[in-house]
Amino acid sequence: QVQLVESGGGLVQAGGSLRLSCAASGRTFSSYHMGWFRQAPGKEREFVAGISRNGDTYYADSMKGRFTISRDNAKNTVYLQMNSLKPEDTAVYLCAAGGLRGIATTYGYWGQGTQVTVSS
């Protein structure tokens with residue numbers, strides 16, 4: 001069982017940056033593949049970035065070069081550094097554990113999400 005709690009969201013101007021954190025409970029965090037997804041009002045959940053147990057990272061095409069995912073297994077935390085934010089990045093950002101790459105339905109554990117709003 002893994003519980004996930006996101007933090008770090010907020011309101012930022014276009015071109016700004018935010019760093020999201022996802023703190024996980026449990027002693028098996030390091031064994032989980034982790035992912036970040038986002039969901040905007042009226043839209044489907046969208047894959048953002050993922051990181052494997054050994055630190056391999058991958059991104060949705062629209063986030064490459066702007067977003068960076070990382071993890072600190074000693075702190076049971078995964079991060080999402082977001083730079084050059086755009087208004088279309090506005091969404092609830094959710095952390096997920098235990099899945100396969102960017103396929104949301106394979107993730108068994110989800111956080112409640114943190115709101116990111118980018119103003120133009």
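1. Two strands count as paired here if DSSP finds at least two bridges between them. On that basis, this predicted model contains an open sheet of four strands in the order 1-3-8-7, and the pairing is antiparallel.

2. The edges of the sheet are strand 1, residues 4-7, and strand 7, residues 67-72. Each of these edge strands pairs on one side only. From one strand to the next, the twist averages 15°.

3. Strand 3 covers residues 18-24 and runs antiparallel to strand 8, residues 77-82, with six bridges joining the two. Two positions can be checked by eye along this pairing. Ser21 has Tyr79 as its bridge partner in strand 8, and Cys22 has Val78 as its bridge partner in strand 8.

4. Strand 3 also pairs with strand 1, again in the antiparallel sense, over four bridges. Here Ser7 stands opposite Ser21 of strand 3.

5. How many residues of strand 3 are buried? Five of the seven are, which leaves the strand mostly covered. Buried is used here for a relative accessible area under 20%. In a regular strand the side chains alternate between the two faces of the sheet.

Terms used
Residues are numbered from 1 along each chain as its sequence is written. This is a predicted model: local features need pLDDT of at least 70, side-chain atom pairs count only at pLDDT 80 or more; totals for chains, interfaces and linings use all residues. Side-chain values use heavy atoms; hydrogens and water are left out. Axes are lines fitted to C-alpha atoms, for helices over the stretch in contact, and angles run from 0 to 180 degrees between N-to-C directions. Buried means under 20% relative accessible area, exposed over 50%, partly exposed in between (1.4 Å probe, protein chains only).
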